[in-house]
Amino acid sequence: MFLKKELCLYCHRPFEEQTGWAGLLFLTELDLLCGECRSQLELICGPRCDLCSRPLGEKGRCKDCISWLTKAPIGSALDSNVSLYKYNPFMKEYIARFKYRGDYELGRLFAQEVRRAAPKADIIIPVPLSEERLTERGFNQAWAIGKMAGLQMHEGLMRMHSEKQAKMSRRERIARHQVFKLHPEAPIFTGKTILLIDDIYTTGTTLRQAALLLKEAGAARVLSMTIAR
């Protein structure tokens, strides 16, 4: 084994990582975080909701998803969601730096896990930003996550400008009207399984609105994957 000096992707402090010949030859991916930062990430493990990935004490479905299924047709538009991490305070700050403060490189942390855990699909679509939000931020975080993971993505949807989600209450997010429309260069969705990529699953409204539009365009199944839940 060898010790290799690295700089933590998040706190920028130097740390030493043990690696063997495979690591030195780039056959395995080295950790991008120091031990202290890595310890603050919480993977979603154990029983989780089989629809949205919310951690549960037992197998089954969470109350939110049971409630969604009573709201036709949007409630059943999303067939399932896979999330990797709990949206704890550290992850909240990490994603805020990545998404709102333009620290694009922070997205590299998730590349290997997204690549490994992404459900199989015929078409992969990053959840789009409106033109106004894209101009503000400089990049679409969902597109960045997929690109760094090496996923082949398509422009399938366009987002109309709306109030920032961060300023909305939970009730306002769930009640808002459709914010997406089909992209003029969207592929044919008929009979296809579509995978949506985004950074956070909060109420599930955004993903269900996108899924509903895709189902109306002929998609057979719509899945989603997010970094945090």
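Student: Where is His-12 found?
Tutor: This is a predicted model, and in it His-12 is found in the loop between strand E1 (2-7) and strand E2 (14-19). His-12 has a positive phi of about 70°, although it is not a glycine.

Student: And what is the phi of Ser-53?
Tutor: Ser-53 is not a glycine, yet its phi is positive, at about 80°. Ser-53 belongs to the loop between helix H2 (35-38) and H3. Its relative accessible area is 1%, so Ser-53 is buried.

Student: Which peptide bond is cis?
Tutor: The bond from Ala-72 to Pro-73 is cis, and its omega is near -5°. Pro-73 sits in the loop between helix H3 (63-68) and E3.

Student: Let us turn to the cysteines. How many disulfides does the structure hold?
Tutor: The structure holds 0 disulfides. Cys-8 is in no disulfide, and its nearest cysteine sulfur, that of Cys-11, is 3.6 Å away.

Student: Is Cys-62 buried or exposed?
Tutor: Cys-62 is buried, with a relative accessible area of 3%. Cys-8 is buried as well, at 1%.

Student: Now the sheet. What is the order of its strands?
Tutor: It is an open sheet of 4 strands in the order E3-E8-E7-E4, and the pairing is parallel.

Student: Which strands stand at the edges?
Tutor: Strand E3 (80-85) and strand E4 (123-126) do. Each has a single partner strand, so one side of each is left without a neighbour in the sheet. On average, neighbouring strands of this sheet are turned by 20° against each other, direction ignored.

Student: How many bridges join E4 and E7?
Tutor: E4 and strand E7 (residues 193-200) pair in the parallel sense over 4 bridges. Within E7, Leu-196 is the residue that stands opposite Ile-125.

Student: Which strands does helix H7 touch?
Tutor: Helix H7 (residues 141-148) packs on the sheet and touches E4, E7 and strand E8 (221-228). The direction of H7 makes about 110° with that of E7.

Student: And which strands does helix H9 lie across?
Tutor: Helix H9 (residues 205-216) lies across E3, E4, E7 and E8. H9 runs at about 160° to E7.

Student: A different residue, then. Is Lys-99 buried or exposed?
Tutor: Lys-99 is buried, with a relative accessible area of 8%. Lys-99 lies in helix H4 (residues 89-99).

Student: With which side chain does Lys-99 make a polar contact?
Tutor: The side chain of Lys-99 makes a polar contact with that of Asp-199, at 2.8 Å. Leaving aside neighbours within four places in sequence, Lys-99 is in contact with Arg-137, Gln-141, Asp-199 and Ile-200.

Student: One last item. Where does His-183 lie?
Tutor: His-183 lies in the loop between strand E6 (180-182) and E7. Its relative accessible area is 18%, so His-183 is buried.

Student: What is His-183 in contact with, leaving aside its neighbours within four places in sequence?
Tutor: His-183 is in contact with Glu-155, Gly-156, Leu-157 and Met-158. His-183 and Gly-156 are 27 residues apart in sequence, while their C-alpha atoms are 5.1 Å apart in space.

Note on methods. Residues numbered from 1 in each chain as written. Heavy atoms only, no water. Disulfide = S-S within 2.5 Å. Buried < 20%, exposed > 50% of the residue type's maximum accessible area, 1.4 Å probe, protein only. Helix = DSSP H or I, 4+ residues; strand = E, 2+ residues; numbered from the N terminus. Polar contact = N/O pair within 3.5 Å; in protein donor to acceptor, adjacent residues only side chain to side chain. Contact = heavy atoms within 4.5 Å. Pairing = 2+ DSSP bridges. Axes fitted to C-alpha atoms, helices over the stretch in contact; angles between N-to-C directions.
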